[in-house]
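Subject: Handing over the structure

Hello,

I am passing this structure on to you, and I hope you enjoy looking around in it. Please open it first, and then read my notes below alongside it.

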Amino acid sequence: MLNRSEWNKAREWAWNFVKRAGFQVNEKEFNSISVVDLGLNELETTGLYILTLFETDWVGAKLLIMKPYQFFPQHRHPPLKNGNFPGKTEVIRGYWGSFYLIVPGEKTSTLKANPPLHRRKYIDIWHEIEIGSGDQYIIPPNTWHWFQAGPKGAIVWSISSRVTDVQDQFRDPQVIRKTVIVDD
């Protein structure tokens, strides 16, 4: 849960970070910034910021914006209950900074990602793919993954089939996907 002043401050930080990284934005896009705190009350270390560029019933494009070493917990994009959608396919493409994407596969011997100790018990995959500027990786539907920004933070494209973020499934039972904002 975030109070409105924290939420506004977080959105300002993300907006300024994107502009400093050289991404061309339209001033009205500021209103498309989401703060994803996951209900954990530790946004500085766990969560992210999303600038939604567009979203339709079929495709979406966003920027995932993260502070240095900020972590986003293990999750997947499952099929929709009506059976007409196999889950979101997501292309992660690096724009700025370094981004450590962890997916199923052989455990990486020397990980650069280092999730918070109290969140590790909800992680069971350890195959790291480092995403730098211009690198990309396609995450198939219903695939467990998690990620963390590098030492300078990160901005990555998230281009996906139909956006179903509120239906994401997390291994950590404490996670609440919808951000709750309360007035101060």
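A word on names before the tour: helices (H or I, at least four residues) and strands (E, at least two) are DSSP runs, numbered from the N terminus. Please keep in mind that this is a predicted model, in which local features need pLDDT of at least 70 and side-chain atom pairs count only at pLDDT 80 or more, while totals for chains, interfaces and linings use all residues. Residues are numbered from 1 along each chain as its sequence is written, and side-chain values use heavy atoms, with hydrogens and water left out.

The inside space

Let me start with the cavity. On a 1 Å grid over the protein atoms alone, a cavity is a set of points where a 1.4 Å probe fits but cannot get out, whereas a pocket is an open set with protein on both sides within 12 Å along at least five of seven lines; lining residues have an atom within 4 Å of a point. Grid points are joined across faces, edges and corners, and a volume is the space filled by probe spheres set on the points.

The structure has one cavity of 30 Å³ or more. The largest cavity holds about 120 Å³ of space. It is lined by 16 residues, and those closest to its centre are Ile 50, Leu 64, Glu 90, Asp 165 and Arg 177. Two or more lining residues come from each of β3, β4, β5 and β9 (145–161). Of these, β9 gives the largest share, three residues. By class, the lining of the largest cavity has six nonpolar, four polar and six charged residues; here Ala, Val, Leu, Ile, Met, Phe, Trp, Tyr, Cys and Pro count as nonpolar, Asp, Glu, Lys and Arg as charged, and the others, Gly among them, as polar.

The largest pocket has a volume of about 290 Å³. Its lining has 14 residues, with Ser 34, Val 36, Asp 165, Val 166 and Arg 177 closest to the centre. Strands β2 (33–36) and β3 each supply at least two residues of this lining.

The second largest pocket contains about 220 Å³ of space. Which element gives the most to its lining? Helix α1 (residues 4–20) does, with four residues. The lining includes Trp 13, Asn 41, Glu 44 and Lys 67, and it divides into five nonpolar, one polar and six charged residues.

Two of those lining residues, Glu 44 and Lys 67, also meet through their side chains in a salt bridge (2.9 Å, N to O). Glu 44 is in the loop between β2 and β3 and Lys 67 in the loop between β4 and β5, so the pair ties together parts 23 residues apart in sequence. For exposure, buried means under 20% relative accessible area, exposed over 50%, and partly exposed in between (1.4 Å probe, protein chains only). Glu 44 is exposed because its relative accessibility is 51%, while Lys 67 is buried, at 13%.

Most residues other than glycine have a negative phi.

More salt bridges

A salt bridge is a side-chain nitrogen of Lys or Arg within 4 Å of a carboxyl oxygen of Asp or Glu, and the structure holds eight of them. One joins Arg 119 and Asp 172 (2.7 Å, N to O). That pair links parts of the chain 53 residues apart, and both residues are buried. Another joins Arg 177 and Asp 168 (3.9 Å, N to O). Arg 177 counts as buried because its relative accessibility is 15%, and Asp 168 is buried at 10%. Salt bridges with shared partners also join Glu 42, Arg 119 and Asp 172 into one network.

Two contacts across the chain

Val 103 lies in strand β6 (residues 90–103) and is buried, at 2% relative accessibility. Its C-alpha atom is 7.0 Å from that of Trp 146, 43 residues apart along the chain. Thr 56, in the loop between β3 and β4, is 7.9 Å from Val 163, C-alpha to C-alpha, although the two are 107 residues apart in sequence.
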